Amino acid sequence: MTRIGFIGIGQMGRWMSEHLLSAGYTLTVYDANPEAAMEVINRGAVAASSVQELAERSEVVITMLPNSAAVEAVAEGEAGLFQNMKPGGMIIDMGSSYALSTQRLAKRAEEAGLTMIDAPVSGGVKGAKAANLTIMAGGSEADFARALPILQCMGKTINLVGETGAGHALKAINNYLSATSMYATAEAMILCKKLGLDLNTALETINQSSGQSFSTHYKFPTFVTTRQFNSGFSLELLQKDVRMVNLIARDQKIPLLLGGLVEQIYEMALHSLPGHPDHTEIAAFLERMTNITLSEGDS
């Protein structure tokens with residue numbers, strides 16, 4: 001059985017790594033915060049004291065990190081993956097990285113005798129826990145086939161969407177659409193509340209009509225009107241993905257008129273809300289602006 005290393009045991013990485021253990025893989029884990037990996041270690045994973053140790057123990061390394069800078073930090077340098085994995089090894093970047101950075105790292109990996117593909121995910125903590133994530137892979141057909149048995153432990157819908165970097169590009173585009181629909185839903189629900197409409201009835205009706213979205217079906221009734229705001233995906237990370245889409249569009253000389261506005265809205269919300277807000281708190285940002293509260297059962 002392939003020896004797997006997993007770097008980044010956050011809210012999603014914890015469940016993803018546990019599924020690999022359940023599938024029988026020998027798993028070595030590393031996180032900059034050692035306490036984050038304790039649940040997985042207690043389930044049978046081996047704790048690595050460094051990225052170098054993990055690299056030396058692993059044939060395949062999965063990174064579940066927040067951005068390209070974090071991936072570059074563990075991949076490059078004398079103590080990094082490129083220098084310490086044995087030739088023939090594979091790196092699977094399952095976090096949200098910048099597509100052009102991923103392409104550059106893939107070339108560096110090839111020079112080191114390694115393969116690197118991207119396989120970012122959608123589905124949040126709920127999908128990670130249930131092992132039914134949507135996985136968008138970028139790489140050659142041969143490399144995808146090699147990685148597929150591993151990916152199938154964590155996801156349900158797994159598609160090869162293009163060459164290396166394509167997965168990260170599509171993930172960012174998906175999150176741009178998610179951010180846009182979430183904000184539009186928040187505006188619409190604020191207007192409904194102002195007009196005296198019952199929010200639950202409004203959402204139920206919209207969900208049988210052409211305005212429906214994942215935000216109206218799931219995010220709003222689960223995290224906003226219940227006041228939970230705990231989807232497990234931060235507003236900062238979503239704002240980063242929207243910014244990434246705008247950068248990609250500029251690189252490709254494609255106008256993204258709405259993208260610029262959505263990025264600015266989330267940037268303003270990020271600086272206005274206290275602490276480390278969940279991305280569903282974009283609704284709370286609008287509540288502050290309008291002095292209208294959206295809560296379950298209110299009309």
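The structure is a predicted model, in which local features need pLDDT of at least 70 and side-chain atom pairs count only at pLDDT 80 or more, while totals for chains, interfaces and linings use all residues. Residues are numbered from 1 along each chain as its sequence is written, and side-chain values use heavy atoms, with hydrogens and water left out.

Helices here are DSSP runs of H or I with at least four residues, strands are runs of E with at least two, and both are numbered from the N terminus. The axes of α9 and α14 come within 9 Å of each other and cross at roughly 40 degrees; axes are lines fitted to C-alpha atoms, for helices over the stretch in contact, and angles run from 0 to 180 degrees between N-to-C directions. This crossing of α9 and α14 is right-handed, a term used when the near helix is turned clockwise from the far one by less than a right angle, anticlockwise being left-handed. On the α9 side, Met182, Tyr183, Ala186, Glu187 and Ile190 meet Ile282, Ala283, Leu286, Glu287 and Thr290 of α14, where contact means heavy atoms within 4.5 Å.

Helix α14 also has a buried side to explore. Buried means under 20% relative accessible area, exposed means over 50%, and partly exposed lies in between (1.4 Å probe, protein chains only). In α14, the buried residues are Ile282, Ala283, Ala284, Phe285, Leu286 and Glu287. These buried residues pack against α9, α11, α12 and α13 (257–272). Just past the end of α14, Asn291 adopts a positive phi of about 60 degrees.

Charged side chains come next. A salt bridge is a side-chain nitrogen of Lys or Arg within 4 Å of a carboxyl oxygen of Asp or Glu, and by this rule the count is 10. One of them joins Glu39 and Arg14, with the closest N and O atoms 3.6 Å apart. Glu39 belongs to helix α2 (residues 38–42) and Arg14 to helix α1 (residues 11–22), so this pair ties together parts that are 25 residues apart in sequence. Glu39 counts as partly exposed at 44% relative accessibility, and Arg14 is also partly exposed, at 23%.

Another salt bridge links Arg104 and Glu76 at 3.2 Å, N to O. Because Arg104 sits in helix α6 (residues 99–111) and Glu76 in the loop between α4 (68–75) and α5 (81–84), the pair ties together parts that are 28 residues apart in sequence. Arg104 is partly exposed, with a relative accessible area of 35%. Glu287 pairs with Arg227, the closest N and O atoms being 2.8 Å apart. Here Glu287 is in helix α14 (residues 282–290) and Arg227 in the loop between α11 (214–224) and α12 (235–251), so parts that are 60 residues apart in sequence are tied together. Glu287 is buried at 8% relative accessible area, whereas Arg227 is partly exposed at 32%. Salt bridges with shared partners also join Glu72, Glu76, Arg104, Arg108 and Glu111 into one network.

Single residues show how the chain folds back on itself. Met116, in strand β6 (residues 115–118), is buried with a relative accessible area of 4%. Leaving out residues up to four places away in sequence, Met116 touches Val71, Ile91, Asp93, Leu105, Ala106, Ala109 and Thr164. Ser178 lies in helix α9 and counts as buried at 17% relative accessibility. Ser178 and Leu238 are 60 residues apart in sequence and 8.8 Å apart in space, C-alpha to C-alpha.

Val161, Leu170, Ile173 and Leu177 form a nonpolar patch with about 310 Å² of accessible area together. Patches consist of residues with over 30% relative accessible area and no salt bridge, like charges being joined within 9 Å and nonpolar side chains (Val, Leu, Ile, Met, Phe, Trp, Tyr) within 5 Å; accessible areas come from the Shrake-Rupley method with a 1.4 Å probe, and for residues only the protein chains shown count as cover. Helix α9 (residues 166–194) gives the most to this patch, with 3 residues. Val161 is placed in strand β9 (residues 155–162) and is partly exposed at 35% relative accessibility.
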